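I opened the model to look up a handful of residues. My notes follow in the order I took them.

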Amino acid sequence: MNSQNTPVHIRLWHHDFWRMAIANLLLTMAVYILVPTLPQWLLLTQEFTLQETGLAMGVFGVGLFTFGAFVSFLIQRYRRNMVCILAVLAMVALFGVIYYVGIESGLYADLSLMLLQRFALGACFGLAQMVLTSTLIIDTSESYQRTEANHAAAWFGRFALSLGPLAGLLLQRVAGFESVVIAAGGLATAALVLIFLVDFPFRAPLDDTLTVSLDRFFLPHGIPLFLNLQLIMLAVGLLFSLALTEQFYAMMMVGFLLAILAQRFVFRDAEVKSEVVTGLILMGAALLMMLTRTQQIVGFAAPAFVGFGLGIIGSRFLLFFIKLSRHCKRGTSQSTFMLGWESGIAWGLGLGYALFEGDSTPILLTALGLVLASLLLYNFVHNWFVSNKNR
């Protein structure tokens with residue numbers, strides 16, 4: 001644990017692992033394709049207020065926690081891949097609700113219906129992600145490859161933060177919001193097919209499985225890490241509530257790719273603390289540039305810095321959660337990381353619309369303040385982690 005080095009095993013990248021990793025990418029893209037497009041549709045077409053739009057975007061983060069306490073019971077009582085497939089099927093149906101009510105029928109979407117749809121979508125996505133990341137991806141790899149499998153598959157989900165919004169904005173520009181909703185349903189369906197193609201052998205359910213438990217849901221031991229991660233992702237959610245362009249999300253992807261290279265060559269033998277500190281400094285620099293500069297280069301450099309910072313921060317925090325957990329709690333650490341990451345973005349989005357009403361200056365200032373607070377907090381959290389890690 002004194003370096004960033006993560007081993008690479010070629011044998012990990014077999015057909016089933018590729019299917020699960022790409023399923024993770026497609027499923028997450030199905031959610032993020034709506035991040036820049038759904039608020040515009042609610043505001044301009046459905047005549048929602050900024051506060052109602054913020055509430056609709058933020059309630060998704062609440063829904064993520066809905067099924068968490070039942071995940072362990074569900075995958076023990078029923079086939080674990082079928083639990084994930086049914087959750088994704090429900091997501092497809094919920095995309096259909098938006099399409100029918102708001103587009104096909106020509107009716108105005110009711111606020112209560114929209115809140116219910118977003119809450120249910122968060123619940124189904126949370127369940128699908130918890131099963132996918134905490135169980136299915138792990139089951140496709142050998143025991144000595146599982147940390148690498150978690151690390152690699154998480155990168156595919158991270159790519160969706162740029163590819164999803166980028167695809168959404170391009171589709172909306174070319175064919176309208178209707179095509180975005182259809183694409184979201186198509187992406188989720190494609191993920192479902194990939195999961196279905198992987199053969200997961202039957203396992204007899206355990207007799208002593210509790211109906212409600214924290215297993216595969218939340219790691220209480222990791223609360224300091226969870227809170228630190230949430231602060232960072234709140235800043236990202238606030239940033240995403242701005243009217244960002246296709247160029248911004250494309251350059252974020254460039255930042256992600258640079259982060260992968262940096263992990264392999266720059267941070268390979270660096271001190272553990274350096275990765276998160278560097279990522280937060282780069283994110284802070286990006287926000288400062290967006291606040292104080294208007295040159296064309298800022299439109300390329302700032303999102304690349306955000307993508308680079310998010311990439312190395314996400315990878316390091318995920319490994320921290322894994323190393324904080326005991327061997328039998330690896331799946332729980334995955335779910336805890338996912339909840340901190342996704343709920344932080346959702347609540348940041350909600351606050352950006354409802355509280356700041358899309359005003360760029362207070363949003364960027366608040367995001368910068370959150371990044372600085374995260375950097376200060378991390379200095380304490382890192383020392384706590386070193387004293388409490390189990391591996």
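I began with Glu47, which is exposed because its relative accessible area is 58%, and the cut-off for exposed is over 50%. I noted before going on that this is a predicted model. Glu47 sits in the loop that runs between α2 (38–44) and α3 (50–63). I checked its backbone: phi is positive, about 60°, although Glu47 is not a glycine.

I then looked up Arg216. It is not a glycine either, yet its phi is positive at about 65°. I placed Arg216 in the loop between α8 (177–197) and α9 (223–240).

**A loop pair.** Which loop holds Asp110? I found Asp110 between α5 (80–104) and α6 (111–139). Its relative accessibility is 42%, so I logged Asp110 as partly exposed. I also took a C-alpha distance here. Asp110 and Gln46 are 64 residues apart along the chain, and their C-alpha atoms are separated by 8.7 Å.

Next I turned to Asn150, in helix α7 (residues 146–175). Is Asn150 buried or exposed? It counts as buried, because its relative accessibility is 2% and the cut-off for buried is under 20%. I looked for a polar partner and found Arg330: the two side chains are joined by a polar contact of 2.8 Å. I listed the contacts of Asn150, leaving aside neighbours within four places in sequence. They are Thr133, Ile138, Leu318, Ile322, Arg330 and Gln334.

**The core.** I moved on to the largest nonpolar core, which has 140 residues. Which members touch the most other members? I wrote down Met114, Leu161, Phe240, Leu310, Phe317 and Ile345. Helix α12 (residues 298–324) gives the most to this core, with 15 residues.

I followed up Phe317 from that list.

**A nonpolar patch.** Which residues make the nonpolar patch of about 500 Å²? I recorded Val254, Leu258, Leu261, Phe265 and Val266. Val254 belongs to helix α10 (residues 246–265). Its relative accessible area is 35%, so Val254 is partly exposed.

Note on methods:
Residues are numbered from 1 along each chain as its sequence is written. This is a predicted model: local features need pLDDT of at least 70, side-chain atom pairs count only at pLDDT 80 or more; totals for chains, interfaces and linings use all residues. Side-chain values use heavy atoms; hydrogens and water are left out. Patches are made of residues with over 30% relative accessible area and no salt bridge: like charges are joined within 9 Å, nonpolar side chains (Val, Leu, Ile, Met, Phe, Trp, Tyr) within 5 Å. Accessible areas come from the Shrake-Rupley method with a 1.4 Å probe; for residues, only the protein chains shown count as cover. A salt bridge is a side-chain nitrogen of Lys or Arg within 4 Å of a carboxyl oxygen of Asp or Glu. Helices (H or I, at least four residues) and strands (E, at least two) are DSSP runs, numbered from the N terminus. Buried means under 20% relative accessible area, exposed over 50%, partly exposed in between (1.4 Å probe, protein chains only). A nonpolar core is a set of buried Ala, Val, Leu, Ile, Met, Phe, Trp, Tyr and Cys residues joined through side-chain atoms within 4.5 Å. A polar contact is a pair of N or O atoms within 3.5 Å; within protein, one must be able to donate a hydrogen and the other to accept it, and residues adjacent in sequence count only if both atoms are side-chain atoms. Contact means heavy atoms within 4.5 Å.
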